[in-house]
Amino acid sequence: CGGDWSILGVGRSPSLSIGSGEDPVIALLMDGGYCFDSNSLHWSSEVKICDARPVACREVLTYTVGPLSDWEQVADQGVPVTPCGVLVHGSYDFGLRPSAVVTATDQGVVVMDVHQSVEGGRDLCGCGAPRSRVQGGLVLDAFVLGQRRARLPHVGLVGVSPVVHLVIVAVVAVLVLAIVLRTRCCCRKHADQ
């Protein structure tokens, strides 16, 4: 029953977004990730950053992004994903339960998420201290991954300017946020009944 499994690394609450096209870009966001880019690794003479063994940290949000063909290559290798591999991988914020959206513009691939915030002020797993936000509030994050760094395909909407495309992405993010809020609202109503 089943097939071969590949361990990608550490994490939980995965959210996957798949673009369109012949070799679609796939974005995987998770909480419970590992911060490869940490002070302890920068000062270590014993372990290189990409040779570090990932240890889960509950509130570290990570991204792994690349075209389907690169994901297939990683699955065939059967080794955990690091920032030094073919997929673009790293940590981007602190929080819980990310919800991913991936799209492309003329500048590169845009990754967006809505996630639950965490209390700030203390260093988490050697990754630094998160900015103070309302505990349990919703945060909208977005970042662009350039095409050269990630070997990501150049995809855009024909005849649509990058600004208009970003507006479209923002509207999608607002819709995702509305769905999340509506779900929370409806869940509370059902819980009260």
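**Reading backbone angles, core and cavities**

Modeller: Arginine 97 has a relative accessible area of 48% and is therefore partly exposed, and since this is a predicted model, that value is computed from predicted coordinates.

Colleague: Where does arginine 97 lie among the elements of the chain?

Modeller: Arginine 97 is placed in strand S5, and its phi is positive, at about 50°, although the residue is not a glycine.

Colleague: Which elements make up the chain, and in what order do they run?

Modeller: The chain has four helices and seven strands, and from the N terminus the order reads β-β-α-β-α-β-β-β-β-α-α. Of its 193 residues, 39% count as buried, while the chain exposes about 11,400 Å², of which carbon and sulfur atoms supply 57%.

Colleague: Which residues should I look at in the largest nonpolar core?

Modeller: The general idea is that a core of this kind joins buried nonpolar residues through side-chain atoms within 4.5 Å. Here the largest nonpolar core has 14 residues, and Tyr63, Val65, Val111 and Leu145 touch the most other members; S2, S3, S4 (88-94), S5 (96-105), S6 (108-116) and S7 (138-145) each supply at least two residues of this core. Once neighbours within four places in sequence are set aside, the contacts of tyrosine 63 are Leu28, Leu29, Val88, His89, Gly90, Ser91, Tyr92, Phe143 and Leu145.

Colleague: Is valine 144 buried or partly exposed?

Modeller: Because buried means under 20% relative accessible area and exposed means over 50%, valine 144, at 46% relative accessibility, counts as partly exposed. Valine 144 lies in strand S7 and, not counting residues up to four places away in sequence, touches Gln107, Gly108, Val109 and Val110. The C-alpha atoms of valine 144 and methionine 112 are 8.8 Å apart, with 32 residues of separation along the chain.

Colleague: How should I read a cavity, and how many of 30 Å³ or more are found?

Modeller: In general, a 1.4 Å probe fits inside a cavity but cannot get out. The search of the whole structure finds one cavity of 30 Å³ or more, and about 100 Å³ of space lies in the largest cavity. Of the 13 residues lining the largest cavity, Leu8, Gly9, Val10, Val81 and His89 are the closest to its centre, and the elements giving two or more residues to this lining are S2 and strand S3 (60-67). By class, the lining comprises eight nonpolar, five polar and no charged residues.

Colleague: Which residues line the second largest pocket?

Modeller: Its lining is formed by Ser6, Leu8, Leu16, Ile26, Leu28, Trp71 and Ala75, with strand S2 (25-31) and helix H2 (68-77) as the elements that give two or more residues. About 190 Å³ of space lies in this second largest pocket, and its lining holds six nonpolar, one polar and no charged residues.

Methods. Residues are numbered from 1 along each chain as its sequence is written. This is a predicted model: local features need pLDDT of at least 70, side-chain atom pairs count only at pLDDT 80 or more; totals for chains, interfaces and linings use all residues. Side-chain values use heavy atoms; hydrogens and water are left out. On a 1 Å grid over the protein atoms alone, a cavity is a set of points where a 1.4 Å probe fits but cannot get out, and a pocket is an open set with protein on both sides within 12 Å along at least five of seven lines; lining residues have an atom within 4 Å of a point. Grid points are joined across faces, edges and corners, and a volume is the space filled by probe spheres set on the points. Ala, Val, Leu, Ile, Met, Phe, Trp, Tyr, Cys and Pro count as nonpolar, Asp, Glu, Lys and Arg as charged, and the others, Gly among them, as polar. Buried means under 20% relative accessible area, exposed over 50%, partly exposed in between (1.4 Å probe, protein chains only). Accessible areas come from the Shrake-Rupley method with a 1.4 Å probe; for residues, only the protein chains shown count as cover. Contact means heavy atoms within 4.5 Å.
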